[in-house]
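Morning, everyone. I'll take you through one structure today, a few residues at a time. Please have the viewer open.

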Amino acid sequence: MAGAGPGLALGGLLDYKTAKFALTRNRRVGLLHRLLQLGVLGYLLGWVLLVRKGYQDTDRAPRAAVVTKLKGAAAVAGTSRRLWDAADYARPPQGEDVIFLVTNFIATAQQAQGTCPESAAVLDAVCTEDADCPMGNPVARGNGIKTGKCVMFNTTHSTCEIYGWCPVENSTLPRKPLLAEAENFTLFIKNTVHFTKFNFSKCNTLQTNDPTYFKTCLYDSFFSPSCPVFRVRDMVEAAGETFGDLALLGGSIGVRIEWDCDLDQPAARCQPQYSFSLQDRSYNFRTASYYWDSQRQLHRNLLKLYGIRFDISVHGQAGKFSIVPAAVSIGTGIAFFGAATVLCDLVLLYLDAKAEFYWKEKFEEAKPPKCKTEAAA
């Protein structure tokens, strides 16, 4: 018997187990099995194949190109009436994925480098004597460098004298946006995407031979979804703002172009979806134009520009039938069907009231019949 241990262990190692099917008339487990199968089938057909299109190979990193162009004109009243067109209010004049539209501004004309009182609105420049204005120190958040003198800014305030561009920058903001007509300007957005995995390209502009189409059309998600010309007011309102409020101090609007292309269908059905979101409620910067006077002194006209910045981003994915993801999805579904059977077996063998009976019926050891000589012995 001492040598029987290794033999039994080796025999158990070489045993072969084969499946035995036992029909059990247990309605609760049978109902559970059918419900699990229906759930797996619904998941496979509804979610994997219809919603997620698990039979398709996908490209989620398209290469995108964007070209933008602003159009419109506005007249600004003042000491002299001036017309603003795209060369004045669009920065840069021919944009790409970022373009800035001027809607308001503060002008400071005929500045020249010299000495003058700093603005009383600058806290670091307020003074009562020369000792408050140490020479050579720049004015914090100001317009120049202190000369060491405290001078009268107006009848009520004294400020440090500075060396800088004089007179100092005007800080009086108009109560209404000076380019209020900009709400009717149009922004042309031309976008092309290329899905390199499938060698497929698509442009958001309508392919037409009508030379007047892009000069007359205006984007509408229902009536004119292929027109890439957007009215500024419509874009601002789609972002949840009113043009008058945003144009006064400027702001930033995000334009998201989303491509979701099923390449198993005609290419004409691959169309972009546009969405607009407010990113910031304040945006401005300064710019200047320089010139020489008759005395060969350098002058400049300073503009503090407020406006709406459009940030355009392109996202998307494309899918096309491929045998590999289709086989993986179907194989996963078949595996889930097998898992449903295993789960029902566990319920039947461990949780059911008659688990011991089912256990005996399911597992049976098949032994070969003994030889006649062994039986006679």
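Start at Pro167, which sits in the loop between strand E8 (158–166) and strand E9 (186–195). One thing to keep in mind throughout: this is a predicted model.

What kind of peptide bond joins Cys166 and Pro167? A cis bond, with omega at about -5 degrees. There is another cis bond to find, between Arg91 and Pro92. Its omega is about -10 degrees. Pro92 is also in a loop, this one between strand E5 (90–91) and strand E6 (98–117).

Back to Pro167. Its backbone oxygen lies 2.8 Å from a polar atom of the Gln111 side chain. So let's move to Gln111. Gln111 lies in strand E6. Is Gln111 buried or exposed? Its relative accessible area is 1%, so Gln111 counts as buried. Look at what surrounds it. Away from its sequence neighbours, Gln111 is in contact with residues including Trp165, Cys166, Pro167, Val168 and Glu169. Leu298, His299, Arg300 and Leu302 are in contact with Gln111 too.

Now compare Gln110, also in strand E6. Gln110 is exposed, because its relative accessible area is 55%. Its phi is near 55 degrees, a positive value in a residue that is not glycine.

Lys53 has a positive phi as well, about 50 degrees, and Lys53 is not a glycine either. Find Lys53 in the loop between helix H2 (27–51) and strand E1 (56–59). Lys53 counts as partly exposed, because its relative accessibility is 28%.

Next, Arg300. This residue belongs to strand E15 (residues 298–321). The side chains of Arg300 and Gln111 are joined by a polar contact of 2.8 Å. What about a salt bridge for Arg300? Arg300 has none, although it is buried. Glu169 is the nearest side chain of opposite charge, and it is 6.9 Å away. Leaving sequence neighbours aside, the contacts of Arg300 include Thr108, Ala109, Gln110 and Gln111. Trp165 is another, and so are Ala288, Ser289, Tyr290 and Tyr291.

Now the helices. UniProt, in an unreviewed entry, places "transmembrane region" at residues 31–50 and 330–351. What does the model show over 31–50? The chain there is 100% helix and 0% strand, with end C-alpha atoms 26 Å apart. Residues 330–351 are also 100% helix and 0% strand, and the end C-alpha atoms are 31 Å apart.

Helix H7 covers residues 323–351, which makes 29 residues. From first C-alpha to last, H7 reaches 41 Å. That is close to the expected 42 Å. Several H7 residues are buried, among them Pro325, Ala326, Ser329 and Gly333. Further along, Ala340, Cys344, Leu348 and Leu349 are buried too. A reminder on helix geometry: an α-helix has 3.6 residues a turn, so residues three or four places apart point the same way.

Last stop: Val40, in helix H2. Val40 counts as buried, because its relative accessibility is 12%. Which residues does Val40 touch away from its sequence neighbours? Gly333, Phe336 and Phe337. Take Phe336: it is 296 residues from Val40 along the chain. Yet the two C-alpha atoms are separated by 6.5 Å.

That's my tour. Over to you for questions.

Methods: Residues numbered from 1 in each chain as written. Predicted model: local features only at pLDDT ≥ 70, side-chain atom pairs only at ≥ 80, totals over all residues. Heavy atoms only, no water. Helix = DSSP H or I, 4+ residues; strand = E, 2+ residues; numbered from the N terminus. Buried < 20%, exposed > 50% of the residue type's maximum accessible area, 1.4 Å probe, protein only. Lys, Arg positive; Asp, Glu negative; His and termini not counted. Salt bridge = Lys/Arg side-chain N within 4 Å of Asp/Glu carboxyl O. Polar contact = N/O pair within 3.5 Å; in protein donor to acceptor, adjacent residues only side chain to side chain. Contact = heavy atoms within 4.5 Å. Expected span 1.5 Å × (residues − 1). UniProt positions renumbered as here; feature names shortened; annotations may be inferred.
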